[in-house]
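Subject: A structure for you to explore

Hi,

Here is the structure I promised to pass on. Have a look at it first, and then read my notes below.

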Amino acid sequence: MVFTLNEVRERTYKPRDAWWTVFLVDPLAGRLVVAAANRTSITPNQVTWAAFVLGLGSAACFVMGDWSWLAAGAVMYHLSFVLDCVDGKIARLKGTGTVFGGWLDYVFDRIRVLACAVALMWGQYRLTGQDLYLILGILVVFLDMLRYVDAFQVAKVRRAMRRQLDEAIGGAEEEHDVEPEELIDLQRGFRSRFSWYLVARDWLRDHRVRTHLMSGIEFQMAVFIVGPLLGLVVPVTLAAAGLLLVFEVAIMYKLWLSSRDLTRVLSGMRAGG
């Protein structure tokens, strides 16, 4: 079977993704998937290992400290991330994904971030003697961990809220012939406060970009690509850290408003019963 680029896009691209991935990774990753799927028997796990090795190579460059090495490390980090996207696309395209492969991909991602953060900040500390870089290394690792733990927990809470709502809707439909669309609005509180958000969200969705503009992916790319390439490791890292925290707080606030709306909906259904 010969796979086309359109098939790769339709079957492997996520409906919404990080803007860095959509604009700077997928155009190359999609073509690599076509070539790999049609001309080789390479497996997703082999690509995962290749991405991991490139990531360690990036860390080795970062620890050298000089700008030329930083630039080389930044390029290698980007290529490592491209391959990190290729493995999942090949798995989805060919149906060869495994639970172990998903675990390996996740673990290697976290090790890559840890290795590159330590190498980048240690290399700059050796070069400048400034303790600030050691603090930044700890900050980068902490924020990366925070983002992925928070993402897991937020998804877990949203699933729990959806289950509660689905169960309540089922009961309401049976007892009172209530239409589901009357009950499922858990974003009323957020939209009433931020009406402009819908316009921005719709534009981003049209371009396959998720509204979380500073996610873990963009944070990593800022720290390990943009900062080193510009020779501005400290300001770029601090700016990216600040933006990441702003978006994390926004997600928590939106989730809190949704929980209030859920309570309102459930209370109204009980009162109606």
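The second largest pocket has a volume of about 930 Å³. A pocket here is an open set of points on a 1 Å grid over the protein atoms alone, where a 1.4 Å probe fits, with protein on both sides within 12 Å along at least five of seven lines; lining residues have an atom within 4 Å of a point. The volume is the space filled by probe spheres set on the points, which are joined across faces, edges and corners. This is a predicted model, in which local features need pLDDT of at least 70 and side-chain atom pairs count only at pLDDT 80 or more, while totals for chains, interfaces and linings use all residues. Residues are numbered from 1 along each chain as its sequence is written, and side-chain values use heavy atoms, leaving out hydrogens and water.

Of the 36 lining residues, Lys14, Asp84, Asp105, Asp109 and Tyr148 are the closest to the centre of the second largest pocket. Helix 4 (67–94) provides the largest share of this lining, eight residues. Helices are DSSP runs (H or I, at least four residues), numbered from the N terminus.

Next, the cysteines. How many disulfides does the structure hold? There are zero, a disulfide being a pair of cysteine sulfur atoms within 2.5 Å. The sulfur of Cys61 is too far for a bond because the closest cysteine sulfur, in Cys116, is 9.4 Å away. Cys85 is in no disulfide either, and its nearest cysteine sulfur, that of Cys116, is 15 Å away. Cys61 counts as buried, at 7% relative accessibility, and Cys85 counts as buried at 14%. Buried means under 20% relative accessible area, exposed over 50%, and partly exposed in between (1.4 Å probe, protein chains only).

The largest nonpolar core has 47 residues, of which Leu120, Met121, Phe219 and Phe224 touch the most other members. Such a core is a set of buried Ala, Val, Leu, Ile, Met, Phe, Trp, Tyr and Cys residues joined through side-chain atoms within 4.5 Å. Helix 4 gives the most to this core, with nine residues. A second, separate core of 11 residues includes Ile169, Leu262, Leu266 and Met269.

Finally, Ala155 is found in helix 6 and is partly exposed, with a relative accessible area of 28%.

Enjoy exploring!

Key. Helix = DSSP H or I, 4+ residues; strand = E, 2+ residues; numbered from the N terminus.
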